[in-house]
Amino acid sequence: MTDTPLISVVMAAYNGGALIGDTIASVLAQTLPDFELVVVDDCSTDDTLARLREVEDPRVRVIAAPRNGGPVVARNLAFAAARGRFIVGLDQDDLCHPARFAVQHAFLAANPHVVLVASAVDILKAGAISGPRAPFHTSPALIDWRLQLGNPLVWSSVMFRAEAARRLDVFERVDRLYAEDFDLYHRLARFGAIARIDTPLATYRIHSGGASQRYTARMEQSAAAVLAQPYTDLFGADSPRAAHLVLHHFTGGVPVPCRDTLAEVGRLVAVVHGHFMATRRPDAADLALILAEYARLWWRLGDACVRSGTLSRADVVALCPAGLAQHPPSRMRSATSLLIGTGRALASRLKKA
């Protein structure tokens, strides 16, 4: 390996001894071998550091942090030590498919205007693998649109240009903990387009020890802080509340408590969407993808509200943003949601009686 590898993988490690071996094995199995893996152990209390030091491959560089500073600090240390021209994000419990580096590097080489490319991911939960979640077909314009409403990318699937990231004041910001990747994407977008390869190139593990499962509230709080900044021009002093409502309900799919809240969420998203249309001016193909995703998220929230019994199907239809009625959910899905909602409402009335 040369002193300047093509790719640097940056990884923060903390008490990941049970899974990190498989993660490293998936990196070492890459078909594109010109890389280094920079792992910072954040003062693990299990055998993570010992396992890392047992890896006999010169491409793996292990750094023991002097003190426990959390994943953002550890990742910043790894990035500071990285020497590659392209950076790969990877968490200690996720897996790379063998051709990941080769495919993503080829994409960035062929698209110099793109600063970061992610990929779709397979989901590994309880020992079973399922395919990618929607949306299944994307474009840089759709990813840009989704970034205005929440985080559509998995950190363990991204590759980006190191020169762009080194132009930032800091790689990842500690005050955006658990949404530091979402914040990074917004800041990198100043230097180029963000794209996604719709073929899965990584496997994302869902397990009880994962940060996304343990720190959901903090993650949402940090993500709302990321969105509140660009929302200031649209909503002024109300931008923190707007960001929370959009993330929690529209992007998160959590049912609203009442009809007025759904109306407010619909209005907020419509403002963001209108601003995007006016400033980005997507072409017809991109617009079709955006409207399909807009509708999917709206009807998903609507179905959740109907199923929870907080709203009727008539409420959801009446408040549907302009243009989305052309993309209704399937009749089977609507009927199922209505049946579930009716059953829950009846059960609630019987309980009160």
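Ala-126 is exposed, with a relative accessible area of 81% (exposed means over 50%, buried under 20%, partly exposed in between, with a 1.4 Å probe and protein chains only). This is a predicted model, where local features need pLDDT of at least 70, side-chain atom pairs count only at pLDDT 80 or more, and totals for chains, interfaces and linings use all residues. Residues are numbered from 1 along each chain as its sequence is written, and side-chain values use heavy atoms, leaving out hydrogens and water.

**Backbone**

- Most residues other than glycine have a negative phi, and most peptide bonds are trans.
- Ala-126 has a positive phi, near 55 degrees.
- Ala-126 sits in the loop between β6 (114–125) and β7 (strands are DSSP runs of E, at least two residues; helices are runs of H or I, at least four; both are numbered from the N terminus).
- Asn-15 also has a positive phi, near 50 degrees.
- Its loop runs between β1 (7–13) and α1 (20–28).
- Asn-15 is partly exposed, with a relative accessible area of 31%.
- Ala-134 and Pro-135 are joined by a cis peptide bond, with omega about 0 degrees.
- Pro-135 belongs to the loop between β7 (128–130) and α5.

**Helix α5**

- Six of the eight residues of α5 are buried, so this helix is largely enclosed by the rest of the structure.
- The buried residues are Ala-141, Leu-142, Ile-143, Trp-145, Arg-146 and Leu-147.
- Their cover includes α7 (180–188), β9 (193–206), α9 (216–235), α10 (239–251), α11 (259–280) and α12.

**α5 against α12**

- Helix α5 (residues 140–147) packs on helix α12 (residues 284–308) at about 35 degrees, with axes 8 Å apart (axes are lines fitted to C-alpha atoms, for helices over the stretch in contact; angles run from 0 to 180 degrees between N-to-C directions).
- From α5, Ala-141, Leu-142, Trp-145 and Arg-146 make contact; among their partners in α12 are Leu-289 and Tyr-294 (contact means heavy atoms within 4.5 Å).
- The residues of this contact divide into seven nonpolar, no polar and three charged (Ala, Val, Leu, Ile, Met, Phe, Trp, Tyr, Cys and Pro count as nonpolar; Asp, Glu, Lys and Arg as charged; the others, Gly among them, as polar).

**α11 against α12**

- The axes of α11 and α12 come within 12 Å and cross at roughly 170 degrees.
- That makes α11 roughly antiparallel to α12 (over 145 degrees counts as roughly antiparallel, under 35 as roughly parallel, 65 to 115 as roughly perpendicular, the rest as oblique).
- The contact residues divide into 12 nonpolar, two polar and no charged.
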